[in-house]
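User: Could you walk me through how to read the features of a protein model?

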Amino acid sequence: MCGIVGYIGERECTPILIEGLRRLEYRGYDSAGIAVLESAAGESSLLTRVVRCRGKLANLEALLTEARPTGRVGMGHTRWATHGRPSDENAHPHKHGSVSVVHNGIIENYLALRAELAGRGHRFSSETDTEIVAHLIDEELKAQPQVGLREATRRALGKVQGAYAIVVLSDRTPDVLVTAKNASPLVLGLGEGENFVASDVPAILPHTKRVMFLEEGEIAELRRDGIQVIDLAGRPVRREPRLIEWSAVMAEKAGFKHFMLKEIHEQGRAVTDTLRGRVSIEQADALLDGIELDPQTLKKLTLIACGTSYHAGLVGKFLIEQIARVPVEVDLASEYRYRDPIIGPGDTLLAISQSGETADTLAAVKEAKAKGAQVLCIANVVDSSIPRACHHALYTHAGPEIGVASTKAFTTQLAALVLIAIHLGRRSGTLSSNAAAELIREFMALPQKMADIIGLAPQIQVIARRYGHARDFLFLGRGTQYPIALEGALKLKEISYIHAEGYAAGEMKHGPIALIDAEMPVVVVVPKGPGYEKVMSNLTEVKAREGKIIAVATRGDQDIGAIADEVILIPEAPAPLAPLLTVVPLQLLAYHIADFKGTDIDQPRNLAKSVTVE
Ligand code: G6P
């Protein structure tokens, strides 16, 4: 999610770090900083100088024009906030004692570690989970300086749970840069008399094409003249460098043709990050970052959102009502704000927004707040306008979403809504501890199933070519799959410009059936579960009118093949979780149809990523 770049060599490193960060800024970030080992005037030893600030890279560059650190070892970071809002204090690098750290990812047990460190007298200067890592490594290095930075880092990481890519430097060990990775990307670049590390290839591409990708749980020690890799147990690892053939543009997209495709692929990781530290099978519960929802006092929950986020809200209604038996009203923010909504003290409104900046959603939040309601949100961009206007925010950890058509933001919003449903269900007594534990177990298995579905892309590409010439598409679903039908239709029209309508399958006979003929592809989302038989009988009505059926169904379904022209079979999941899976083939179908038609997928005509006007 964050951008990282590090350098050790013979050249002045500040320009290399800034240029590297600039190549990562396409993702959009909220703060930036660098740490450079420089020789203090009149001193022979090196001291780390950290310069960092809130805002875009340009703000950091402005600061650097006044006082630019000079040195040949350093690291830089652009931050996408997860723990702690974007501010000067929370910007990376974080320094404690002699140790500075930049970090991408989430330290899951940071509250426990922070409490432990505080018990040993540590004081903290930021709200971040990253600062904990600097404290832990500094403690190890102080206790036994002779072990060196790599070993101190290895020992400290033994206490850390979670996802991280970190780079560490210390003015006690000026000849090394240490880096480690677990579940966050990290690439090492090999140069002549210099070496690099980065979160993403574009940052180092101008300097070298010889790279090594670190694997989970590996630590690398970079010196000017070489790199050594070990695992968390301290055993040496042999890794052969490879040559990157990507152009700069391809590298930004990590080799994917479009950001949208990259983001579709990132969904498993994004959902894992959204669940991280928030679910516990042992406690059979979901935690919401300090948001306490009490079903005894919650008479009704009002969800408001726009676009794709509104579709997440429609799924949320099903989830929360079914699992927690709390009544939920869902509305489009643009409608809600103008209908003098009945809301006031004692009521709760939950806004859903990827960007946190959508004008209609923000206005609806303000309206409800002014009337005395408690206002909460699910958002992806930390400290954006909507979370700031709300009493509490539950952040999805999707990372920056660049493609205008929302994909990973949607599935992580669904994940956040499942968390809320479990949280409420446990407190209302409608979800037993066994049922919650089972649901959470299945929840944690979803990312693997998402990856499995992404593996169906070649089949979906063939279907896309076969039907990509159609003028209209109909998408059908029932229950939780009805909003998924709406979302499938929205994805298709957004990026392929084909007219598409999503409909509740049971409503088909009240109108859209008039459109069905041999030219009309009908995409139906029909996983095994509640409503399956009903949808199957709707399909016979489509078939009777010669409609072409493309079905998303559950593996092992013996009947669907007899009625559908195309069948995309996906893994099974419990009904509340199925939308996180069924939407993936629809995203891929829209993507491949648009790609087949050659449209501008990442920036479709007339659309904007963040709609900050009415
Ligand atoms: C725009 C985007 C959509 C998004 C909608 C709501 O229309 O193109 O992808 O779903 O805004 O945005 P939000 O950031 O509030 O979720």
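User: To begin, how many salt bridges does the count come to?

Analyst: Side chains of opposite charge can pair when their charged atoms come close. The rule here asks for a side-chain nitrogen of Lys or Arg within 4 Å of a carboxyl oxygen of Asp or Glu, and the count comes to 43 salt bridges. A word on the ground rules: this is a predicted model, where local features need pLDDT of at least 70, side-chain atom pairs count only at pLDDT 80 or more, and totals for chains, interfaces and linings use all residues. Residues are numbered from 1 along each chain as its sequence is written, and side-chain values use heavy atoms, with hydrogens and water left out.

User: Happy with that. Which residue forms a salt bridge with E139?

Analyst: The partner is R120, with the closest N and O atoms 2.8 Å apart. E139 lies in helix α4 (residues 130-143) and R120 in the loop between α3 (110-119) and α4, so this pair ties together parts 19 residues apart in sequence. Helices (H or I, at least four residues) and strands (E, at least two) are DSSP runs, numbered from the N terminus.

User: Where do K181 and E216 lie in the chain?

Analyst: K181 sits in strand β8 (residues 177-182) and E216 in the loop between β11 (210-213) and β12 (218-223), so to read the pair you look at distant parts of the chain, 35 residues apart. Their side chains meet in a salt bridge at 3.5 Å, N to O. K181 is buried, with a relative accessible area of 8%, while E216 is partly exposed at 45%.

User: What about E329 and its partner K300?

Analyst: That salt bridge has an N to O distance of 3.3 Å. E329 belongs to strand β19 (residues 328-332) and K300 to the loop between β17 (285-286) and β18 (301-305), 29 residues apart. Relative accessibility is 24% for E329 and 31% for K300, and each counts as partly exposed. Elsewhere, salt bridges that share partners join E19, R22, R23 and E61 into one network.

User: Which residues is F473 in contact with, beyond its neighbours within four places in sequence?

Analyst: Contact means heavy atoms within 4.5 Å. Among the residues that F473 touches are Y467, L492, I498, M520, V523 and I593.

User: And how does the whole chain look?

Analyst: Its secondary structure comes to 19 helices and 27 strands. The C-alpha trace spans about 85 × 55 × 45 Å along its principal axes. Buried residues make up 60% of the 614 residues. Of the contacts with a separation of 6 or more, 71% join residues 24 or more positions apart.

Definitions and conventions:
Buried < 20%, exposed > 50% of the residue type's maximum accessible area, 1.4 Å probe, protein only.
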